[in-house]
Amino acid sequence: MKMKLKDIHFSYEENGTESIKGVDLSIEEGKHYSLVGGNGSGKTTLLKLISGLLEPDSGKIIFPESEKKPEIGFSPEDPELGFFARTVKEEVEFYPKNRGLNHENIAEKVIKKVDISHLKQKSPYLLSSGQQRLVSIASVLSGLPEIMVFDEPTHSLHRKGEKMVGKVLSGLKRTTLFSTHSSDFAFEFSDEVIVIYDGKILKVGEPREVLSEKKTLEKAGIRTPGIVDWARENSLKIPSNLEEAIDLIKEDKD
Amino acid sequence: MIKISSFSIMNIEGDRLLDDIDLKIKEGKTTLICGEPGSGKTLLLKSMKGLISEGLRKKGNIKREGRTGIIFQEPRKQLVRSNVKMEAAFDLENLCYPPEKIEKKIEEYSKFLDAEHLLNRDIDEISHGELTKTAILSVLVTEPDIVLFDEPLSSLDYPNREMLLEIIKRLKQKETTIVIAEHDIRDLIDICDRIILLKEGSVLEDGDPIELKNALYREGIKIPFPWELDIEARRDRS
């Protein structure tokens, strides 16, 4: 077990309304978790608590297997909030440089991986919102933190960008948590889905199971993934991705 | 109506961010501008309102007939006052409307948007979806002939998306000219009359959503899952 959250409570103002109302959660080593929920459900707050950017009012976050707190990288929902460097290259090099890693080498690899080589010498502030998103993701990846946390990593990205980010994140051999509005993205690219509603955890489980539960999705204000709707309309079992769906059509025809 | 003629935008380094665009946006129609990140969709939309950032140079011209309003991707960034009703009054005060008329317009459009309950709330205490509604309210009170939306859906959850789509449908019924920049067209196909697909600052395709299905997919636009499956299954067979 990488991390355990025990009865976490948090409010932004003293004695104010709680944004997080008693969250218990176990995070396993090397798994990829998606956090889904409506606007204002507490996704960002919970990710900030996990990252150590906010301190819980009560409850505990423990790391059972580590002697000291592991390194956690955080990519904010608004990428500009994390920027400060003159160029994309400097921005991506900053985190590994700070950690005493071989920054030039690592940054180069990461920049290639998220396909932003053509933006290397540009100012991160002058990019489109989708390009800024990729730079923000690269700036966390390059630091090689043990736990990686991404707040809305696919916000402002088109389908191709979303798939690329999904493949990069799900291919990491590190513990990863990300929040998303896109149930399609959570369905395809996470091992476990955490559904949050009104500061509490409603459900945790495998994507196919959690994201096909009508009641849970309706309550949390989440759209049913397109692939689930499609399978239901065609009375087929729910495939885990597009390739499996194509196979199902073939079988159905045979 | 918006008429864009030989319109280009260049940055300091001389890159053409928009390259020789010629377009006519017809009255009363809903037009979608699509394209991958950096293709120029937000830039084109902002240019339609006359908003061009510092450091960018333009060439060619854009002619607008009628008043234009814009709703930004992050609605919080366009709100300047602390209370919803005061915010809604801001533009009208600047246009020197008399107080009774301001009151009437706010009443009319908060009803149109089902936003009456928000009027006395503070901007800092309302939800993300309510901020979007407030931004739309403060634009609609000025009764624009053209309403521009910059990626309106991307930060909204499902219930708020439904809310926004309902507002767009109501505006369409009133024959307002609507232009939306988006890379996710799944919920907009039934609403829009035309799609303009941009690539590297130029118009790649211009037409009916269903006709452009394959081109949209190629450019990485989010399309409905059955469309995506259909295209991939065909590719698999051939």
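**Chain contacts, sheets and helix packing in a predicted model**

User: How many residues of chain B are in contact with chain A?
Analyst: This is a predicted model, where local features need pLDDT of at least 70, side-chain atom pairs count only at pLDDT 80 or more, and totals for chains, interfaces and linings use all residues. Residues are numbered from 1 along each chain as its sequence is written, while chains are lettered from A and ligands numbered from 1 in the order written. Contact requires C-beta atoms, placed from the backbone, within 7 Å. On the chain A side there are 25 residues, and on the chain B side 28.

User: Which element of chain B gives the largest share of the side that touches chain A?
Analyst: Elements giving two or more residues are helix 4 (128-140), helix 5 (158-173) and helix 7 (225-237) of chain B. Helices (H or I, at least four residues) and strands (E, at least two) are DSSP runs, numbered from the N terminus. The largest share is 7 residues, from helix 7 of chain B.

User: How many residues on that side of chain B are nonpolar, polar and charged?
Analyst: Ala, Val, Leu, Ile, Met, Phe, Trp, Tyr, Cys and Pro count as nonpolar, Asp, Glu, Lys and Arg as charged, and the others, Gly among them, as polar. The side of chain B that touches chain A has 10 nonpolar, 11 polar and 7 charged residues.

User: What radius of gyration does chain B have?
Analyst: Chain B holds 7 helices and 9 strands. Its C-alpha atoms fill a box of roughly 65 × 40 × 30 Å along the principal axes. The globule rule is 2.2 Å times the number of residues to the power 0.38, with the radius taken over C-alpha atoms. For 238 residues a compact globule would have a value near 18 Å, which agrees with chain B at 19 Å.

User: In what order do the strands of the open sheet of chain B lie?
Analyst: Strands pair if DSSP finds at least two bridges between them. The edge strands, each pairing on one side only, are strand 2 (16-25) and strand 4 (57-64) of chain B. The 3 strands pair antiparallel in the order 2-1-4.

User: Which residue of strand 2 of chain B is the bridge partner of Ile2(B)?
Analyst: Strand 1 (residues 2-10) of chain B runs antiparallel to strand 2 of chain B, joined by 6 bridges. The partner of Ile2(B) is Ile25(B).

User: Which residue in the turn between strand 8 and strand 9 of chain B has a positive phi?
Analyst: Strand 8 (residues 194-199) and strand 9 (residues 202-207) of chain B pair in the antiparallel sense over 5 bridges. Lys199(B) has Ser202(B) as its bridge partner. The hairpin has 2 residues between its strands, and the one with a positive phi, about 45 degrees, is Glu200(B).

User: Are helix 2 and helix 4 of chain A roughly parallel or roughly antiparallel?
Analyst: Helix 2 of chain A and helix 4 (residues 129-141) of chain A pack at about 30 degrees, with axes 7 Å apart. Axes are lines fitted to C-alpha atoms, for helices over the stretch in contact, and angles run from 0 to 180 degrees between N-to-C directions. Angles under 35 degrees count as roughly parallel, over 145 as roughly antiparallel, 65 to 115 as roughly perpendicular and the rest as oblique. Helix 2 and helix 4 of chain A are therefore roughly parallel.

User: How are helix 2 and helix 3 of chain A oriented to each other?
Analyst: The axes of helix 2 (residues 88-98) and helix 3 (residues 103-113) of chain A come within 8 Å and cross at roughly 125 degrees. The two helices of chain A are therefore oblique.

How values were computed. Two residues are in contact if their C-beta atoms, placed from the backbone, lie within 7 Å.
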